[in-house]
Amino acid sequence: MRTRANPRKGVFVLPNLLTTAAMFSGFFALIKSVEGDYALASVAVLVALVFDGLDGRVARLINAETDFGAEYDSISDVIAFGLAPAVLTHQWALGPFGNVGWLGGFLFTACAGLRLARFNTQSAVKDKRYFQGLPAPAAAATLVTWVLFVEETGLTGVWVNVAALFGVYALALLMVSNIRFRSFKDADLRHRVPFPAAVLIVGVLILVAIHPPLVLFGFFFLYALAGPVDTMRQLRHKRHQRRERTKVDSQGPEQ
C-alpha cells in the first residue's frame, strides 16, 4: 500500500530522481526528433524505459512508495511513452499522410494518458499477473524499435510509412482495450531454474548482441501480439465450453 507523503517533509530523492531521468530521456527524444536524429531519439525512449522500470522497483526496495511518486511517474510516462514516440513517429514517417498522420500521433498520446489514468485508478483491485490493455512503455518501445530497426538497416519504401501509420493506430487502441497482457510480476527470479532455461537466456543475449534493433523490435512486437492472440484463444475456449454445456442440457437427464 502506498503511504501519503507530507509535503512539508519533502519527497524521497532516489525514486523521483530516476523518474526525472526517465522524463529527461523522453524530452531529449522530443528534441532529437525535431532535429531529425531519429535513431538517437529512439534510443532515448528506450533509455527512459530502463529508468521507468527502475524507479518503481527502487521505491519498493527502500519502502518509499508514495502517492506523489505514483502521480509524478504517470506524468513522466505520458511524456516519455506517449508524446515522445508519437512526435518521433510523425516526424519520421507520418508527415506524408497529412491530418491522418498527426491525428494518429495525437491518438497515441491521448490513449497513453488514458491508459495510465486507468492503471492508477485500478491499481488496488486489478489482478497483478495481468495488465488491462497494452502498457504504454511497451507500446512506445514497439514504435521506437521499429524506427530504430529501419534506420539501422536502411529500409525504404512507402510500406515503411504505412506500417508506421498502422502501428500508431493499432497500438493506441490496444492501450485502451480490455485485452489482458501478462505483467510477469508473479515471476520469482530468486529461485533456481532448469539448466536449459539458463542456456536459453544466454542464447537470447547473444541474439540481442548480434542485431539489437531487430531482436528488440521482435520481442516487443510479439508481446503486443500475444495479448490479442491469447484473448481470442480464451474466447474460443469459452465458446466451446458453452456449446458443450448447451449440448448436455439439451440431452436432458439420463433415463
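Trainee: In which helix does serine 25 lie?

Mentor: This is a predicted model with residues numbered from 1 along each chain as its sequence is written, and its side-chain values use heavy atoms, with hydrogens and water left out. Local features need pLDDT of at least 70, side-chain atom pairs count only at pLDDT 80 or more, and totals for chains, interfaces and linings use all residues. Helices are DSSP runs of H or I of at least four residues and strands are runs of E of at least two, numbered from the N terminus. Serine 25 lies in helix α1.

Trainee: Is serine 25 buried or exposed?

Mentor: Buried means under 20% relative accessible area, exposed over 50%, and partly exposed in between, with a 1.4 Å probe and protein chains only. The relative accessible area of serine 25 is 7%. By that cut-off serine 25 is buried.

Trainee: Which residues is serine 25 in contact with, leaving aside its neighbours within four places in sequence?

Mentor: Contact means heavy atoms within 4.5 Å. With those neighbours left aside, the partners of serine 25 are Ala44, Val47, Ala48 and Phe51.

Trainee: Which helix gives the largest share of the nonpolar patch?

Mentor: Patch residues have over 30% relative accessible area and no salt bridge; nonpolar side chains (Val, Leu, Ile, Met, Phe, Trp, Tyr) are joined within 5 Å and like charges within 9 Å. Val13, Leu14, Leu17, Leu61 and Ile62 form this patch, with about 530 Å² of accessible area together, by the Shrake-Rupley method with a 1.4 Å probe and only the protein chains shown as cover for residues. Valine 13 is exposed at 62%. Three of the patch residues come from helix α1.

Trainee: Which helix gives the most to the positive patch?

Mentor: Lys and Arg count as positive and Asp and Glu as negative, with His and the chain ends not counted; a charge is placed at NZ of Lys, CZ of Arg, CG of Asp or CD of Glu. The patch gathers Arg180, Arg236, Lys238, Arg239, Arg242, Arg243 and Arg245. Arginine 243 is exposed, with a relative accessible area of 51%. Six of the patch residues come from helix α8.

Trainee: How far is aspartate 77 from the nearest side chain of opposite charge?

Mentor: Aspartate 77 lies in helix α3 and is buried. A salt bridge needs a side-chain nitrogen of Lys or Arg within 4 Å of a carboxyl oxygen of Asp or Glu, and aspartate 77 has none. The nearest side chain of opposite charge is arginine 115, at 8.6 Å.
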